[in-house]
Amino acid sequence: MQQISEWIASKNPGLDRAVDPAEDLIEGRLIDSLDFLEFIYLLENVSGQPIDLTEVTVDDFRTLDRIQERFLAPAAQGTA
């Protein structure tokens with residue numbers, strides 16, 4: 001999760017606080033459409049699993065909590 005938080009911070013240099021795990025990353029414009037594919041690539045690298053975009057929704061990327069649950073939790077391995 002540290003890599004993901006660092007990536008978000010690098011894309012938002014004016015952000016002077018930690019991102020709350022329940023904060024909506026999309027509504028809060030911490031991840032925008034221009035960076036989304038790079039973000040997917042990062043998640044694939046961190047999780048070690050490919051992400052099939054036909055099997056996910058935007059809600060799977062809204063919060064750090066949901067990202068953890070969907071892509072990084074042990075139960076998520078092999079289901080993304």
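How close do the axes of α2 and α3 come, and at what angle do they cross? In this predicted model, the axes of α2 and α3 come within 11 Å and cross at roughly 55°.

## Where α2 meets α3

On the α2 side, the contact is made by F39, L43, V46 and S47. On the α3 side, I67, F71 and L72 take part. By class, the residues of this contact divide into six nonpolar, one polar and no charged.

## How α1 packs

Helix α1 covers residues 2–11. Helix α2 covers 36–47, and helix α3 covers residues 64–72.

| Pair | Angle | Axis separation | Crossing |
|---|---|---|---|
| α1 and α2 | about 160° | 10 Å | right-handed |
| α1 and α3 | about 135° | 11 Å | right-handed |

Start with α1 and α2. They pack at an angle of about 160°. An angle over 145 degrees counts as roughly antiparallel, so α1 is roughly antiparallel to α2. Their contact is made by Q3, I4, W7 and K11 of α1 and by E38, F39, L42, L43 and V46 of α2. Six of the residues in the contact are nonpolar, one is polar and two are charged.

Now take α1 and α3. They pack at about 135°, with their axes 11 Å apart. That angle makes α1 oblique to α3. The crossing is right-handed. Helix α1 brings I4, S5 and I8 to the contact, while α3 brings L64, I67 and L72. Five of these residues are nonpolar, one is polar and none is charged.

I4 of α1 takes part in the contact with α2 and in the contact with α3. F39 of α2 takes part in the contact with α1 and in the contact with α3. I67 of α3 takes part in the contact with α1 and in the contact with α2.

## The buried faces

Which residues of α1 are buried? They are I4, W7 and I8. Seen down the axis of α1, the buried residues fall within an arc of 100°, so they line one face of the helix. These residues pack against α2 and α3.

Helix α3 has its own buried set: L64, I67, R70, F71 and L72. They cover an arc of only 145° around the axis, which puts them on the same side of α3. What covers them includes α1 and α2.

## Residues in the loops

The loop between α1 and α2 holds L30 and R29. R29 counts as exposed, at 71% relative accessibility. The cut-offs are under 20% for buried and over 50% for exposed.

L30 has several partners. Leaving aside its neighbours within four places in sequence, L30 is in contact with I8, N12, L15, V19, E23 and L25. One of them, I8, is a buried residue of α1. The C-alpha atoms of L30 and G14 are separated by 11 Å, and the two residues are 16 residues apart along the chain.

R29 has another feature. Its phi is near 60°, a positive value in a residue other than glycine. Most residues other than glycine have a negative phi.

The loop between α2 and α3 holds T57 and T63. T63 counts as buried because its relative accessibility is 15%. T57 counts as partly exposed, at 45% relative accessibility.

What does T63 touch? Not counting residues up to four places away in sequence, T63 touches P21, A22, E23, D24 and L25. E23 and L25 are also among the contacts of L30. As for T57, its C-alpha atom and that of I40 are separated by 12 Å. T57 and I40 are 17 residues apart along the chain.

Conventions: Residues numbered from 1 in each chain as written. Predicted model: local features only at pLDDT ≥ 70, side-chain atom pairs only at ≥ 80, totals over all residues. Heavy atoms only, no water. Axes fitted to C-alpha atoms, helices over the stretch in contact; angles between N-to-C directions. Helix = DSSP H or I, 4+ residues; strand = E, 2+ residues; numbered from the N terminus. Parallel < 35°, antiparallel > 145°, perpendicular 65-115°, else oblique. Left-handed = near helix turned anticlockwise from the far one by under 90°. Contact = heavy atoms within 4.5 Å. Nonpolar A, V, L, I, M, F, W, Y, C, P; charged D, E, K, R; others polar. Buried < 20%, exposed > 50% of the residue type's maximum accessible area, 1.4 Å probe, protein only. Arc of directions from axis to C-beta.
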